[in-house]
Amino acid sequence: MEPDEGIRQQLHGLLNSQKFAVLSTHSAGQPYASLVAFACDEDLRAIYFVTARSTRKFANLESDGRVALLVSSSANREDDLHAAMAATIVGRAAESRGAEKEAALALYLRKHPWLEEFARAPTCALVKVAVRTFVLVKNFQHVMELHLEP
């Protein structure tokens, strides 16, 4: 098994088991965090979420696409210290369009079918985060990184 294969398997398990992530954007030096429903493509190179174009998060990522997402398996229990894992995902976000958007939207709606009306609304955007780095933390202290080539 290649060194990155183990972390890839763990990331797939975490990302497929969780429905929500915390998205971090910023504007004028001020950080901003938002909860988003997300989906990840099979090769881990893209994370997708839907948001209304009128939101602060969308305005922030349009002015600067650098974002981070946090996905965690924590259940807010004491045993999370040993059982939970969290991934910080760093990348660049932009609205998906055209054929890429349709394929990504199908992926997103397989995970979140109850969001179809929202996701297809003309006032909403499907956003793609092109992933650059994953930082996976287990047992609150074991840290592994996966860097993807652009």
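Trainee: Which residues of helix α2 (residues 56-63) are buried?

Mentor: Keep in mind that this is a predicted model. Buried means under 20% relative accessible area. In α2, the residues that count as buried are Lys 57, Phe 58, Asn 60 and Leu 61.

Trainee: Why do the buried residues of α2 line one face of the helix?

Mentor: The view to take is down the axis of α2. Seen that way, the buried residues line one face because they fall within an arc of 160 degrees.

Trainee: Which exposed residues does the face of α2 turned away from its buried side carry?

Mentor: The buried side of α2 is covered by elements that include β1 (20-27), β2 (30-40), β3 (46-52), β4 (66-72), β5 and β6 (124-138). The face turned away from that side carries exposed residues, namely Arg 56, Glu 62 and Ser 63.

Trainee: Is Glu 95 buried or exposed?

Mentor: Glu 95 belongs to strand β5 (residues 85-95). The cut-off for buried is under 20% relative accessible area. Glu 95 has a relative accessibility of 17%, so the residue counts as buried.

Trainee: What is the length of the polar contact that joins the side chains of Glu 95 and Arg 53?

Mentor: Not counting residues up to four places away in sequence, Glu 95 touches Arg 53, Phe 58, Ala 125, Leu 126 and Val 127. The side chain of Glu 95 also has a polar contact of 3.2 Å with that of Arg 97. For the side chains of Glu 95 and Arg 53, the polar contact is 2.5 Å.

Trainee: Which element gives the largest share of the largest nonpolar core?

Mentor: That core has 30 residues, and those with the most contacts inside it are Leu 11, Leu 15, Ile 47, Leu 69, Ile 89, Phe 134 and Leu 136. Its largest share is six residues, and they come from β6.

Trainee: How many residues are in the second, separate core?

Mentor: Among its members are Tyr 48, Val 50, Ala 104 and Leu 109. The count for this second core is 15 residues.

Trainee: How many aromatic pairs does a search of the whole structure find?

Mentor: A ring does take part in another arrangement: the charged end of Lys 111 sits over the ring of Phe 38, 3.9 Å from the ring centre. For aromatic pairs, the search of the whole structure gives zero.

Trainee: Where is Leu 44, and is this residue buried or exposed?

Mentor: Leu 44 is in the loop between β2 and β3. Its phi is positive, about 70 degrees, although Leu 44 is not a glycine. Most residues other than glycine have a negative phi. At 0% relative accessibility, Leu 44 is buried.

Trainee: Is Ala 28 buried or exposed?

Mentor: Ala 28 lies in the loop between β1 and β2, and its phi is near 50 degrees, a positive value in a residue other than glycine. The cut-off for exposed is over 50% relative accessible area. With 82% relative accessibility, Ala 28 counts as exposed.

Trainee: What distance separates the C-alpha atoms of Arg 120 and Ala 28?

Mentor: Arg 120 is in helix α5 (residues 116-120), and its side chain makes a polar contact of 2.9 Å with that of Glu 116. Along the chain, Arg 120 and Ala 28 are 92 residues apart. Their C-alpha atoms are separated by 31 Å.

How values were computed: Residues are numbered from 1 along each chain as its sequence is written. This is a predicted model: local features need pLDDT of at least 70, side-chain atom pairs count only at pLDDT 80 or more; totals for chains, interfaces and linings use all residues. Side-chain values use heavy atoms; hydrogens and water are left out. Helices (H or I, at least four residues) and strands (E, at least two) are DSSP runs, numbered from the N terminus. Buried means under 20% relative accessible area, exposed over 50%, partly exposed in between (1.4 Å probe, protein chains only). A polar contact is a pair of N or O atoms within 3.5 Å; within protein, one must be able to donate a hydrogen and the other to accept it, and residues adjacent in sequence count only if both atoms are side-chain atoms. Contact means heavy atoms within 4.5 Å. Rings of Phe, Tyr and Trp (its six-membered ring) pair if their centres lie within 6.5 Å; planes under 30 degrees apart count as stacked, over 60 as edge-to-face and the rest as tilted. A charge sits over a ring if NZ of Lys or CZ of Arg is within 6 Å of the ring centre and within 35 degrees of the ring normal. The arc is that of the directions from the helix axis to the C-beta atoms. A nonpolar core is a set of buried Ala, Val, Leu, Ile, Met, Phe, Trp, Tyr and Cys residues joined through side-chain atoms within 4.5 Å.
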